[in-house]
Amino acid sequence: MISKKMENMVANSSAIRAMFEEGNRLAKLYGPENVFDFSLGNPNVPAPEAVKKAIIDLVNEEDSLVLHGYTNSNAGYEDVRQAIAESLNERFGTAFSAKNITMTVGAAGGLNVILKTLLNPGDEVIVFAPYFGEYRSYVNNYDGVLVEISPNTVDFQPKLDEFEAKITEKTKAVIVNTPNNPTGVVYSEETIQKLAAILEKKQKEFGTDIYLISDEPYRELAYDGVEVPWLTNYYASTIVGYSYSKSLSLPGERIGYLVIPDEAADSENLISAANVATRILGFVNAPTLQQKVVARCLNEKTDLSFYNRNRETLYNGLLECGFECIKPEGAFYLFMKSPVEDEKAFCAAAKKYNILLVAGSSFGCPGYVRIAYCVAYDTIVNSLPKFKELAAEYR
Ligand code: PLP
């Protein structure tokens with residue numbers, strides 16, 4: 001018998017995954033070119049050539065006992081962490097060194113490591129809807145309590161009044177994700193400044209430490225020159241979770257890192273505990289070959305123009321169909337208002353045209369649907385006449 005906790009987890013298992021499986025089923029039935037699967041955030045831009053070269057060079061050049069061995073520290077190779085720290089310092093004017101970096105098994109691994117490090121049972125973790133639905137499971141893994149701030153559907157910046165009102169003595173962490181999955185919105189500098197000021201005020205009021213966890217797998221995916229604020233520069237107890245899944249199109253390689261700054265409350269203990277958490281969660285260390293690969297590719301970028309073309313074509317096409325949506329500034333998702341309140345019914349209607357969308361309820365924001373546009377350009381172009389037929393059903 002599986003555990004009660006897992007029984008619930010399985011019952012609530014990710015709707016996104018279910019959609020992905022449905023996409024595969026439809027593709028077999030109708031042919032992949034006739035299915036418009038916008039369900040999963042799996043990059044459709046190949047990893048940069050430099051990644052391939054780094055893998056080949058490393059395998060040829062490095063001692064395989066080192067390259068494929070356990071790392072001395074569970075946090076990862078010292079030289080890799082130092083290289084990442086220096087690269088961040090150059091970009092954001094920070095003063096990190098290897099000790100502030102813990103290599104992780106993607107952003108998901110990093111979030112689990114830091115939540116394991118921080119949470120006592122019953123501790124509250126605040127998230128702003130719409131949010132990445134997996135946060136529910138990650139917080140639940142450590143018996144934390146997820147506290148949702150309702151969505152601001154005007155511009156999808158966080159609702160700060162509600163945020164301030166919902167912080168309690170039990171608030172241990174706040175997770176932000178910008179550029180955001182599912183909206184593509186980048187939280188403005190003004191938002192971040194206000195959010196930081198609220199956290200400072202509440203820490204004083206309650207005499208507690210509240211950690212800001214910045215989950216940023218989409219940091220590099222921002223369009224039209226939009227700046228994504230670097231949060232450790234605004235709030236001392238900020239922990240950054242980064243991933244190469246999207247920025248270098250390496251989601252299956254499971255590689256990323258956490259930044260735990262010296263300025264964060266109880267930093268030394270946090271760093272040691274994150275090391276232990278990496279081990280005892282069973283990761284042991286982040287994949288060693290991939291640590292070395294990303295260290296050689298710190299200045300590499302994905303082809304943003306590919307996603308940008310998709311973004312423009314999809315956004316303009318949907319507006320022409322009469323749908324309501326805000327233009328994404330980053331990531332590769334577009335959040336569209338469902339023409340009917342029950343967005344699950346709308347997703348079902350879309351499926352008749354072989355269009356697969358994810359219901360906003362999965363992100364704590366019913367009434368909307370997420371369209372992941374990290375797909376082939378042809379998929380976008382060929383889907384638009386279908387979206388038009390779908391829209392006509394609601395006139
Ligand atoms: N956080 C957000 C907001 C995501 O969208 C994703 C993946 O889609 C993750 C974390 C997990 O990413 P990773 O592949 O780095 O574990």
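In strand β8, which residue is the bridge partner of Ile 101? It is Val 259.

First, a note on what we are looking at. This is a predicted model, in which local features need pLDDT of at least 70 and side-chain atom pairs count only at pLDDT 80 or more, while totals for chains, interfaces and linings use all residues. Residues are numbered from 1 along each chain as its sequence is written, and side-chain values use heavy atoms, with hydrogens and water left out.

Now β8 itself, residues 256-259. Strands here are DSSP runs of E with at least two residues, helices are runs of H or I with at least four, and both are numbered from the N terminus. Two strands pair if DSSP finds at least two bridges between them. β8 pairs antiparallel with strand β2, residues 101-104, over four bridges. β8 also pairs antiparallel with strand β7, residues 238-243, again over four bridges.

Buried means under 20% relative accessible area, exposed means over 50%, and partly exposed is in between, using a 1.4 Å probe and protein chains only.

Next, the ligand. Which residues around the ligand are the closest? They are Ala 107, Asp 215, Tyr 218, Ser 243 and Arg 254, out of 14 that surround it. A residue is near a molecule or strand if one of its heavy atoms lies within 4 Å of it. Helix α6, residues 106-118, gives the most to the shell, with three residues.

There are polar contacts too, meaning pairs of N or O atoms within 3.5 Å; within protein, one must be able to donate a hydrogen and the other to accept it, and residues adjacent in sequence count only if both atoms are side-chain atoms. A ligand oxygen is 2.7 Å from an N or O atom in the side chain of Tyr 218. A polar side-chain atom of Lys 246 lies 2.9 Å from a ligand oxygen, and a polar backbone atom of Ala 108 is 2.9 Å from an oxygen of the ligand. Taken alone, the ligand exposes 400 Å², and the protein buries 91% of that (areas by the Shrake-Rupley method with a 1.4 Å probe; for residues, only the protein chains shown count as cover).

Last, aromatic rings. The whole structure has 21 aromatic pairs. Rings of Phe, Tyr and Trp (its six-membered ring) pair if their centres lie within 6.5 Å; planes under 30 degrees apart count as stacked, over 60 as edge-to-face, and the rest as tilted. Tyr 242 and Tyr 244 have ring centres 5.2 Å apart and planes at 80°, so they are edge-to-face. Tyr 242 is buried at 6% relative accessible area, and Tyr 244 is buried at 5%.

Phe 335 and Tyr 368 also have centres 5.2 Å apart, but their planes are at 10°, so this pair is stacked. The pair links distant parts of the chain, 33 residues apart: Phe 335 is in strand β9 and Tyr 368 in strand β12. Both are buried.
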